[in-house]
Amino acid sequence: MAEEVSNKQVILKHYVTGYPKEPDMEIKNGTIKLKVPEGSNAVLLKNLYLSCDPYMRSRMQKKEGSYVDSFTPGSPITGYGVAKVLESGDSNFKKGDLVWGMTGWEEYSIFTAIHTLFKIHDKDVPLSYYTGILGELFDLLNIIITRMLNLLCVWLI
């Protein structure tokens, strides 16, 4: 039987107008089972570092057609994070791996969007850097390389 533990979360209470204020969010103590669902390729994460970035303000507003989806009121806020893998249903991730990607503002997350989760190989820099410059630089390079490959494929066809 999976251990069930407290999972502190930062929740957006409602969409925000103007600058966010403390009453727009709340800290809730939920629970989570420390077990990946049977047959799933999900990854169970213990979040270590979470980012707080300027673009998140616009995600707190109800917007249509934005480059990034609005947060969902009543759910944990999401952003770049660094985490440790506690359990994995995906063979690319093992218990103890350090990873970064978009994760919830919560102590533990069950991560199902595996294609947006990246293993940390270089541990010679502070792990918190992956929530900022190292994570954003990698994202930018990933976008550029993907677009270049798409253009090359179109050109070859």
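**Entry 1: the model.** I am working with a predicted model. I searched the whole structure for salt bridges and found five.

**Entry 2: Glu26 and Lys28.** I then checked how exposed each partner is. Glu26 has 31% relative accessibility, so I noted Glu26 as partly exposed. Lys28 has 39%, so Lys28 is partly exposed too.

**Entry 3: Glu87 and Lys35.** Here the N to O distance is 3.1 Å, and the side chains of Glu87 and Lys35 meet in a salt bridge. Which parts of the chain does the pair link? I found Glu87 in strand E4, residues 78–88. Lys35 is in the loop between strand E2 (25–33) and strand E3 (43–50). The two residues are 52 residues apart, and the pair links distant parts of the chain. Glu87 is partly exposed because its relative accessibility is 22%, and buried would need a value under 20%. Lys35 comes out at 41%, so Lys35 is also partly exposed.

**Entry 4: Lys62 and Glu64.** I looked up the closest N and O atoms of Lys62 and Glu64. They are 3.6 Å apart, and the two residues form a salt bridge.

Notes
Residues are numbered from 1 along each chain as its sequence is written. This is a predicted model: local features need pLDDT of at least 70, side-chain atom pairs count only at pLDDT 80 or more; totals for chains, interfaces and linings use all residues. Side-chain values use heavy atoms; hydrogens and water are left out. A salt bridge is a side-chain nitrogen of Lys or Arg within 4 Å of a carboxyl oxygen of Asp or Glu. Buried means under 20% relative accessible area, exposed over 50%, partly exposed in between (1.4 Å probe, protein chains only). Helices (H or I, at least four residues) and strands (E, at least two) are DSSP runs, numbered from the N terminus.
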